[in-house]
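Me: Could you walk me through how to read aromatic pairs and helix packing in a model like this one?
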Amino acid sequence: DIVPRHRLFAVICGAYSALFVATAVMLTSTTHGLVGPDGQPIPPSPERWLGWIHYFAIESYGSLVVSLFWQYLNSQVNLKEAKGQYGLITAGGQIGAITGCTLVVGSKRFGVPQLYGAGGLACLVSPLIVQMYLCRFPPDEFINVSSRSAPSSAKKVQPGLFEGLRLLIRHPYVLGIFAVSALFEVIATILDYQMKVLGKAAYSSTADFASFMGMFGQAANTVSLVFSLLGTSFVIRNFGLRPTLMLFPTMLVVVVGVVYFVPSMWCLFGVMVAIKGLSYALNNPSKEMLYMVTTDSIKFKAKSWIDVFGGRASKALGSVVTNTFKKPVTNLMFYGSLVSLAIALGLLAITSTLGRAFERLTASGELIGMDNEQGEEEKQPLKHAAAEDEESPKA
């Protein structure tokens, strides 16, 4: 409410850049860092406060900045541009992820504090790119889809910390997006924990386990990169959004069934590579398109609650499941798979309903979240036709 949306990149990324660089400096300390005065690694301890700062900084950065990027992107493009470009945009993200995983595998050569500091400086690239975009496409040269649709008599959204939560609770369609975002994270948390438990049992050495996880990251992001370049836009354009949304939970039902019958480390490795890769390449872009029939207030404020609060809450819920059944490992594999299967079936039903609602809203030209002065939902044309007749220079 206080800072213009395009300047949020500079505010958020600048703050995290300073925090990450400061953490990198602290990692070189012989008191609070990784190695003590004797050159030996400092033993892990819950009292190592730098580790807690690192954890919360990384988790919140991944939620806030990725969410902010998609919020801004959704407010600048129309449905046709999204179908054609979101796959390519996702592929660009996977190139960065693969590069990061590769650097982590070689952390002994480069040094952990040095890589950490480089990551902190890299955070400043995003606001620079946004500034270049605004110089090329000044805000007064184009009007986004939601702004075109908003009547001057529409009720203004009141500023406030909980406005996004109010919008989320008020509109069932937005609650459906919340469910699609959160329920998958519960399944991913359970499967990821199962894989790590079996992986840690197979690789007792910390270095070997880190290499195993680095290999996992490379494999998952490579799958996502290939599918983003070759399959994302093709699937969405040719099958439509509803079948695309339903495709991912259908795959979840299948892979969870495979884990249930073959509960091995390498089976889970393959399953996690598949669902992580297709989540980035297929589920995330199609999920973001659901915001095309919502107002900017929902795209920015409600989406923030969905991505940040929903993502953290779903991981917490998944952790409750794994903590409940973690011993013995056979219970974890059996009951964890049953819970995942039940959630996947529920997710399949939700995506079907949500996809049908999106098709209805697109066909009728409605915007979710457009309220009149009496607070009743007002339906306004999206004016997609004019946007689809000519290509936008932003694409």
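Reply: Happy to. Let's begin with W52 and F56, which sit 4 residues apart in helix 2 (residues 49-74), so about one helical turn separates them. Keep in mind that the model is predicted.

Me: How is a pair of aromatic rings described?

Reply: A pair of aromatic rings is described by the distance of the centres and the angle of the planes. By the pairing rule, the count here comes to 13 aromatic pairs. For W52 and F56 the ring centres are 6.3 Å apart and the planes are at 25 degrees, so this pair is stacked. W52 is partly exposed, at 46% relative accessibility, while F56 counts as exposed at 52%.

Me: And what kind of pair do F184 and F248 form?

Reply: That one is edge-to-face, with 5.1 Å centre to centre and 70 degrees between the planes. F184 belongs to helix 9 (residues 172-202) and F248 to helix 11 (residues 241-261), so the pair ties together parts 64 residues apart in sequence.

Me: Are F184 and F248 buried or exposed?

Reply: Both F184 and F248 are buried. Elsewhere, Y260, F261, F325, F334 and Y335 form one aromatic cluster.

Me: Now, how do I read helix packing?

Reply: Two packed helices are described by the angle between their axes and the distance between the axes. Take helix 8 (residues 163-170) and helix 9: their axes come within 5 Å and cross at roughly 100 degrees. An angle of 65 to 115 degrees counts as roughly perpendicular, so helix 8 is roughly perpendicular to helix 9.

Me: Which residues make the contact?

Reply: Helix 8 contributes L167, L168, I169 and R170, and helix 9 contributes P172, V174, L175 and F178. By class, that contact has 7 nonpolar, no polar and 1 charged residues.

Technical notes:
Residues are numbered from 1 along each chain as its sequence is written. This is a predicted model: local features need pLDDT of at least 70, side-chain atom pairs count only at pLDDT 80 or more; totals for chains, interfaces and linings use all residues. Side-chain values use heavy atoms; hydrogens and water are left out. Rings of Phe, Tyr and Trp (its six-membered ring) pair if their centres lie within 6.5 Å; planes under 30 degrees apart count as stacked, over 60 as edge-to-face and the rest as tilted. Helices (H or I, at least four residues) and strands (E, at least two) are DSSP runs, numbered from the N terminus. Buried means under 20% relative accessible area, exposed over 50%, partly exposed in between (1.4 Å probe, protein chains only). Axes are lines fitted to C-alpha atoms, for helices over the stretch in contact, and angles run from 0 to 180 degrees between N-to-C directions. Angles under 35 degrees count as roughly parallel, over 145 as roughly antiparallel, 65 to 115 as roughly perpendicular and the rest as oblique. Contact means heavy atoms within 4.5 Å. Ala, Val, Leu, Ile, Met, Phe, Trp, Tyr, Cys and Pro count as nonpolar, Asp, Glu, Lys and Arg as charged, and the others, Gly among them, as polar.
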